[in-house]
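This report walks through one protein model, a few residues at a time. Keep the sequence and the 3D view open while reading.

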Amino acid sequence: MKYFIANWKANKNIEEANEWLTIFLSKYTGIKSNEITVIIAPPYPLLPIIKNKISMYPNILLASQDVSVYPTGSFTGEVPASTLAELANFVILGHNERRQYFHEDTDIINKKLSAAVQNGIAPILCIRDDKDFIHDDAFCVVYEPVSAIGTGNNESVDKIIEIRNRLKLLPGPKFIYGGSVDAKNVRPYLKTGEIDGFLIGKASLDPISFYQIVEAAL
Ligand code: PGA
């Protein structure tokens, strides 16, 4: 199984999300493979809209980009895992942008991860290198070197495999790579057979570019 995770970050409004879905789904409808899972990670308000539109596609799932450390209750502005459980199958945690701009450390990430797991949401755990903590309950580990995120400097295949070997994950979580993945550079990654999927930022914003990345795995 190969996982293709579209991390939209803080992009797209309702109209743009609908447009993206119309184009992507019109192409994706032709895909028969059971070896591909597409995961869309939009901003919170778009989750229910997308959920409705993908209900006919068993291999397209949803991820939240965050979750609260708090449960339901008086925590203005927070979105607890129990609310997200109805909408998202996965949650992205530990992304460098959360660590950098929102000062999330291992303790916060682990609390969020536990809240997600308790509510049946599978954690997609991002790490920057082999020193970041990996919680046993992570569904997958995403190696995202900071130098590769949004820069066009995608990491070499050799370095990614080296990190994978150092993490000694087997037979634990799946191993995903993220950082400037696009339709032009994805094939060598797929060829190794050692990378279980990709977390895709910029190239996922355009439905055709994203589809072309998915198509490379067919
Ligand atoms: P990028 O983002 O594909 O634009 O490098 C990846 C990510 O931050 O998840």
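Ile5 counts as buried because its relative accessibility is 1%; buried means under 20% relative accessible area, exposed means over 50%, and partly exposed lies in between, with a 1.4 Å probe and protein chains only. Ile5 belongs to strand β1. Helices (H or I, at least four residues) and strands (E, at least two) are DSSP runs, numbered from the N terminus.

Leaving aside neighbours within four places in sequence, Ile5 is in contact with Ile39, Ile124, Ile176, Phe198, Leu199, Ile200 and Phe210. Contact means heavy atoms within 4.5 Å. Val157 is 152 residues from Ile5 in sequence, and the two C-alpha atoms are 19 Å apart in space.

## How the model was read

This is a predicted model, in which local features need pLDDT of at least 70 and side-chain atom pairs count only at pLDDT 80 or more, while totals for chains, interfaces and linings use all residues. Residues are numbered from 1 along each chain as its sequence is written, and side-chain values use heavy atoms, with hydrogens and water left out.

## Ile213 in helix α8

Ile213 lies in helix α8. Its relative accessible area is 0%, so Ile213 is buried. Phe4 and Ile213 are 209 residues apart in sequence, yet their C-alpha atoms are 8.2 Å apart in space.

Phe4 is also one of the contacts of Ile213, when neighbours within four places in sequence are left aside.

## Two buried serines in loops

Ser204 is located in the loop between β8 (197-200) and α8 (207-215). With 0% relative accessibility, Ser204 counts as buried. A polar atom of the Ser204 side chain lies 2.7 Å from the backbone oxygen of Gly201. This is a polar contact: a pair of N or O atoms within 3.5 Å, where, within protein, one must be able to donate a hydrogen and the other to accept it, and residues adjacent in sequence count only if both atoms are side-chain atoms. Apart from neighbours within four places in sequence, Ser204 is in contact with Ala6, Asn7, Trp8, Trp20 and Phe210.

Ser68 sits in another loop, between β3 (60-64) and α3 (81-84). Ser68 is buried because its relative accessible area is 2%. Here a polar side-chain atom of Ser68 lies 2.9 Å from the backbone nitrogen of Tyr70. Not counting residues up to four places away in sequence, Ser68 touches Glu78, Val79, Pro80, Lys112 and Ala115.

## Around the ligand

Which residues come nearest to the ligand? Of the 13 residues around the ligand, they are Lys9, His95, Glu144, Gly150 and Ser180; a residue is near a molecule if one of its heavy atoms lies within 4 Å of it. A polar side-chain atom of Lys9 is 2.7 Å from an oxygen atom of the ligand. An N or O atom in the side chain of Asn7 is 3.3 Å from a ligand oxygen atom, and a polar backbone atom of Lys202 is 2.8 Å from a ligand oxygen atom.

Lys9 lies in the loop between β1 (2-7) and α1 (14-28). Lys9 counts as partly exposed because its relative accessibility is 21%. Most residues other than glycine have a negative phi. Lys9, however, has a positive phi near 55 degrees. Ser180, in the loop between β7 (174-178) and α7 (186-192), also has a positive phi, of about 60 degrees.

On a 1 Å grid over the protein atoms alone, a cavity is a set of points where a 1.4 Å probe fits but cannot get out, and lining residues have an atom within 4 Å of a point. Grid points are joined across faces, edges and corners, and a volume is the space filled by probe spheres set on the points. The largest cavity holds about 50 Å³ of space. Its lining consists of Arg99, Thr106, Ile109, Asn110, Leu125, Phe133 and His135, and helix α5 (residues 106-118) gives the largest share, 3 residues.

Arg99, one of the lining residues, is found in helix α4 (residues 96-101). Arg99 is buried because its relative accessible area is 9%. The Arg99 side chain reaches the backbone oxygen of Cys126 at 2.8 Å.

Terms used: 1 Å grid on protein atoms, 1.4 Å probe; cavity = no way out; pocket = protein on both sides within 12 Å on 5 of 7 lines; lining within 4 Å.
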